[in-house]
Amino acid sequence: MDRISNHLAQSQLINRTAVIIDVREPSEFLEYHIPGALNIPSSNYQKSFFSSFENQNIYLVCQSGNRATGVGFQLIADGFSNVKILENHMESIQQPVQIKGWSIDRQFRMTLGLLLAIFLILYFFGIHNALVIPIILCVGLIFTSIIDRCYMRMGIARLPWNKNRQ
């Protein structure tokens, strides 16, 4: 998948010869995004969502590059030839915007902390089967770091209170 510098992509966006599409979940997009970028989540991919951009360059971005690459390959398979991935993704160009409530990352850390607290309480009361909780967390964190895609974070972003954040 071809890549393009963020600066060149934004210049083309300003000149209206390109569109930058952020494929993260809407609540992730609301936390911070590239000014002028559109949000079309990879979890809701449909070729028709991109059809109005057939005559423009389509530049994709996400948190780490994996979701954008996946959508890019889907677009190419669907006949689009003007698709590229931004060189730098949101994890490296993070510019937080003030939002109401907790960020997705903060909710993620709280969820991990609560699960570990539940484990400690259960283990303290002699429920040794609770050992499965840190094992699942450990394996999950290792696996998601290898594939560079965190399904728990994506799940938290889709929770009802995160859907229409301001």
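I started with E4 and E5, which run parallel and are joined by three bridges. I took helices (H or I, at least four residues) and strands (E, at least two) as DSSP runs, numbered from the N terminus. Leu-60 has Ile-85 in E5 as its bridge partner. I also looked up Arg-3, and its bridge partner in E5 is Ile-85. E1 and E5 run parallel, with two bridges joining them.

A note on what I am reading: this is a predicted model, where local features need pLDDT of at least 70 and side-chain atom pairs count only at pLDDT 80 or more, while totals for chains, interfaces and linings use all residues. Residues are numbered from 1 along each chain as its sequence is written, and side-chain values use heavy atoms, with hydrogens and water left out.

Next I wanted the strand order. The open sheet has five strands in the order E1-E5-E4-E2-E3, with parallel pairing; two strands pair if DSSP finds at least two bridges between them. Strands E1 (3-4) and E3 (38-39) are the edges, each pairing on one side only. E2 (residues 18-22) runs parallel to E3 through two bridges, and Ile-21 stands opposite Leu-38 in E3.

Helix H1 (residues 6-14) lies across E1, E2, E4 (57-61) and E5 (83-86), and runs at about 120° to E2. H3 touches E4 and E5, and its direction makes about 150° with that of E4. Axes are lines fitted to C-alpha atoms, for helices over the stretch in contact, and angles run from 0 to 180 degrees between N-to-C directions.

How do the axes of H4 and H5 cross? They come within 9 Å and cross at roughly 150°, which makes H4 roughly antiparallel to H5 (angles over 145 degrees). In the contact, Phe-108 and Leu-112 are among the H4 residues, and Ile-133 and Pro-134 are among those of H5. By class, I find eleven nonpolar, no polar and no charged residues there.

Last, I looked at the largest pocket, which holds about 280 Å³ of space. A pocket is an open set of points on a 1 Å grid over the protein atoms alone, where a 1.4 Å probe fits, with protein on both sides within 12 Å along at least five of seven lines; lining residues have an atom within 4 Å of a point. Its volume is the space filled by probe spheres set on the points. Of 16 lining residues, Gln-63, Asp-148, Arg-149, Cys-150 and Arg-153 lie nearest the centre. H5 gives the most, with three residues.

Methods. Parallel < 35°, antiparallel > 145°, perpendicular 65-115°, else oblique. Contact = heavy atoms within 4.5 Å. Nonpolar A, V, L, I, M, F, W, Y, C, P; charged D, E, K, R; others polar.
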